[in-house]
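This report describes the secondary structure, strand pairing and side-chain contacts of one protein model. The sequence and the structure come first, and the description follows.

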Amino acid sequence: MSLFFIQIYTSVVCFKEIKMLVLIDPSNYEFHRRDLDNMYRLRHKVFFEKLKWDVKSSHGMEKDEYDEKHATYIIYKDEQGIVRGCTRLIEMINPCMFDGPFKFLLPDLENFKHSGCWEQSRIAVDHSFDENYTPQTASHITASIYAAYLHFALELKAVKTCLLVSFPAAKKLYSRYGFSGKSVAERVFKGNQLLVTSYVPLLQTYEKLLTQLNDDFTKPILSYAKPIYAYTQEDYDNNKERRTAG
């Protein structure tokens, strides 16, 4: 089998079987124009309409100055192609929210401005439930996005740590999925307690999530087109020992 065919086969099979988890980065923004716009619509629905956050939203899309520059996105699409969940990742050597609206949270920002340190933000999951889309489905999507982030962190990029701004309840949710974080800063802002937590991506957390998702450990969890990463079935198989190590 030719290398070209392996690449096409891997992409098609994974896209069909891994619940439509898609990786979007600066190398393929335009390939995913519709997905990105639908992601911004979901963010508008979650952050602007439901949570009433002070975010920039126009024409039903929530988008800020850090989008589509250095950002990497993980998007979950259902069988109908509807974007049901997303998150944004920015390596902190680039401008990110800690340079702007979250600057007051991290006075020692220069200590985190190095390769391998990433900011995670805009974690959104659709909670517009009906008879076909249930809270159980939303929980599955949340776990899937976390697992996809760990796949990205452990196998595609050398992510040493990831900073996340959250409320205490969100930190408890992360703990429920096996993430163990180190508190970096804590502030009260507009009556709300905000936490900055540093999470180191761990293989055991990744494997725990894959087990919860009934993943068989044999296929990549993320699908992507025209990637900047040299990634084939052979590359993936060569990482098997690392993925399954206890």
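Helix α3 covers residues 135–156, which makes 22 residues. From its first C-alpha to its last it reaches 30 Å, close to the 32 Å expected at 1.5 Å a residue; the expected span is 1.5 Å times one less than the number of residues. Helices (H or I, at least four residues) and strands (E, at least two) are DSSP runs, numbered from the N terminus. Of the 22 residues of α3, 17 are buried, so this helix is largely enclosed by the rest of the structure. Buried means under 20% relative accessible area, exposed means over 50%, and partly exposed is in between (1.4 Å probe, protein chains only).

The model is predicted: local features need pLDDT of at least 70 and side-chain atom pairs count only at pLDDT 80 or more, while totals for chains, interfaces and linings use all residues. Residues are numbered from 1 along each chain as its sequence is written, and side-chain values use heavy atoms, with hydrogens and water left out.

**Strands**

Strand β6 (residues 117–125) is mostly covered, with 8 of its 9 residues buried. Two strands pair if DSSP finds at least two bridges between them. Strand β5 (residues 83–91) runs antiparallel to β6, and 6 bridges join the two. In this pairing R88 stands opposite S121 of β6. Strand β7 (residues 161–166) also pairs with β6, in the parallel sense and over 4 bridges. Here Q120 stands opposite L164 of β7. Between β6 and β7 the chain passes through α3, and this β-α-β crossover is right-handed. Right-handed means that, with the strands pointing away from the viewer, the path from the first strand over the helix to the second runs clockwise.

β7 has a further pairing, with β9: the two run antiparallel and are joined by 5 bridges. S166 stands opposite L195 in β9. Strand β9 (residues 192–199) is mostly covered, since 6 of its 8 residues are buried. Strand β8 (residues 181–189) pairs with β9 in the antiparallel sense over 8 bridges, and A185 has V196 as its bridge partner in β9. The hairpin of β8 and β9 has 2 residues between the strands, and K190 in this hairpin takes a positive phi near 50°.

**Salt bridges**

A salt bridge is a side-chain nitrogen of Lys or Arg within 4 Å of a carboxyl oxygen of Asp or Glu. By this rule the count comes to 16 salt bridges. The table gives some of them.

| Pair | N to O distance |
|---|---|
| K77 and D35 | 3.3 Å |
| K45 and D126 | 3.5 Å |
| R88 and D64 | 2.9 Å |

The salt bridge of K77 with D35 has its closest N and O atoms 3.3 Å apart. This pair links distant parts of the chain, with K77 in strand β4 (residues 72–77) and D35 in helix α2, 42 residues apart. K77 is buried, with a relative accessible area of 12%. D35 counts as buried too, at 9% relative accessibility.

K45 and D126 meet through their side chains in a salt bridge (3.5 Å, N to O). K45 lies in helix α2 and D126 in the loop between β6 and α3, and the pair links distant parts of the chain, 81 residues apart. K45 counts as partly exposed at 32% relative accessibility, whereas D126 counts as buried at 3%.

R88 forms a salt bridge with D64, with 2.9 Å between the closest N and O atoms. R88 is in strand β5 and D64 is in the loop between β3 (61–62) and β4, so the pair ties together parts that are 24 residues apart in sequence. Both R88 and D64 are buried. Salt bridges with shared partners join R43, E62, D64, D67, R88 and R122 into one network.

**Other features**

In helix α5 (residues 203–212), the residues T205, Y206, E207, L209 and L210 are buried. N214, which follows α5, has a positive phi near 60°.

L51, W53 and F167 make a nonpolar surface patch of about 260 Å². Patches are made of residues with over 30% relative accessible area and no salt bridge; like charges are joined within 9 Å, and nonpolar side chains (Val, Leu, Ile, Met, Phe, Trp, Tyr) within 5 Å. Accessible areas come from the Shrake-Rupley method with a 1.4 Å probe, and for residues only the protein chains shown count as cover. L51 is in the loop between α2 (33–50) and β2 (57–58). L51 counts as partly exposed, at 40% relative accessibility.
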